[in-house]
Amino acid sequence: MNSKLSLLVSVVVLGASTTVCAGELEEAFKAGTVSGDVSITFESRSQDQEINAYYSDTAYSVGSVGLEYKTGDFRGFSAAFGARGYRPLWEDESGDAKERFNDNDILISNAYVAFDNNIFHVKAGRQQLFTDWIKRTLDAVSVYANPVENLEVEVLWANKIGRVDNRNAIDSYDTGIDDKGVYKYALAYTFNDMFNAKVFGKTVPDHHDLYGGLVNVDAGNFGGRVQYIETSEEVLADDGEMLEVKAYAKFAGATATLGYIKTGDDVGWGSAAAHGELVVPFEEGDQVYNTAGSSETTYLMLSRSFSGVSLTALYGITDYEKANVGYDKSELDIWAGYDITKNLNMAVGFTVTDEDTKDVATTDLTQLNATFAYKF
């Protein structure tokens, strides 16, 4: 009788637990949210001379619709799925939109399962992520942990990277050799309200390793950052390195930022930027990525926001070397954003580059882009 009673109690408890679990799961789906946007983007690029597919005159407009569903919380777990559909609206010449959009019609923007508690924040699947030395749309497993106060541990593995947003539609592609992927790891510590620091590394098997660190200072009306990295190369003849120093000051509602970027003498910063970076502030900035020699960049950026309008102006000069020959170029970027209504936003960008006429691999460029997005 006791064994039968125990069995009966177990069945009842298991059934009740299963019912409760199913009920919680159903509530998590019911508590889910749907969001999205309808966007139209336009871009025009004009070169002094057309050199190749990148340096060629293009003009186009593409419309897109993005939708995303996020579940509510289920015992710390949640999930999300999003997709974006694209359609060229106008092209000056057939194929102009392919530079940013290829021939994609629909791409998955998010498809992940997440777990969050007081210590761990985990995502597995396709996700939008912007972190030091790897960013954009990643097929990845990312783990952020706070084991002790003020300390954050980051561990990331990704085997595909792409771009899926209202200005880009580049399907994911392999980032590692033989599908081994990219590994990123970092330790960040916040000392106080003014100082925080991070050390990090990235490993791409059979390709390169990256090591570095940075220190941020934020004293309210002024602050800055110093960052240094090195690479250990398996695909380039020499190792890369980079020093970044920038400082900002706030005054009369505006922010002024002065920045300096110096890369190594032999192959610049090597393969460091192969999977994205958060260093180059320019719309173009191609010569900062130079791997045929060193590059040295100085820039000034001014930003101000008021009455739903945001304005940013950036001017910089890059001196760079190729085969021990020195060149220089300059770039002016202007960005403006305006909240037309609570849900309707406009963003405009204008870029002009003044390239070195001695460098036959490049040419002066003028670019204009505008994006309208209605979010719901």
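By class, the residues lining the largest cavity comprise two nonpolar, four polar and three charged members; here Ala, Val, Leu, Ile, Met, Phe, Trp, Tyr, Cys and Pro count as nonpolar, Asp, Glu, Lys and Arg as charged, and the others, Gly among them, as polar. The model is predicted, so that local features need pLDDT of at least 70 and side-chain atom pairs count only at pLDDT 80 or more, whereas totals for chains, interfaces and linings use all residues. Residues are numbered from 1 along each chain as its sequence is written, and side-chain values use heavy atoms, with hydrogens and water left out.

The lining consists of F282, G285, D286, Q287, V288, G316, T318, K329 and E331. A cavity is a set of points, on a 1 Å grid over the protein atoms alone, where a 1.4 Å probe fits but cannot get out, and lining residues have an atom within 4 Å of a point. Two or more lining residues come from each of β16 (309-322) and β17 (325-339); strands are DSSP runs (E, at least two residues) numbered from the N terminus. The space in the largest cavity is about 40 Å³, and the structure holds one cavity of 30 Å³ or more.

One of the lining residues, E331, is also touched by T351, whose other contacts include E283, L332, D333 and Q367; contact means heavy atoms within 4.5 Å. T351 is found in strand β18 (residues 344-354). Because its relative accessibility is 1%, T351 counts as buried (under 20% relative accessible area, with a 1.4 Å probe and protein chains only). Its side chain makes a polar contact with the side chain of D333 at 2.7 Å, a polar contact being a pair of N or O atoms within 3.5 Å of which, within protein, one must be able to donate a hydrogen and the other to accept it.

The largest nonpolar core has 18 residues, of which W133, F200, I229, M242 and W269 touch the most other members. Such a core is a set of buried Ala, Val, Leu, Ile, Met, Phe, Trp, Tyr and Cys residues joined through side-chain atoms within 4.5 Å. Strands β11 (208-218) and β15 (295-306) each supply at least two residues of this core. Apart from it lies another core of 10 residues, including I134, A140, L156 and V204.

S61, in strand β2 (residues 58-70), is likewise buried, with a relative accessible area of 11%. Among the residues that S61 touches are I40, F42, P88 and W90.

Technical notes: Buried < 20%, exposed > 50% of the residue type's maximum accessible area, 1.4 Å probe, protein only. Helix = DSSP H or I, 4+ residues; strand = E, 2+ residues; numbered from the N terminus. 1 Å grid on protein atoms, 1.4 Å probe; cavity = no way out; pocket = protein on both sides within 12 Å on 5 of 7 lines; lining within 4 Å. Points joined across faces, edges and corners; volume = space filled by probe spheres on them. Lists of a residue's contacts leave out its neighbours within four places in sequence.
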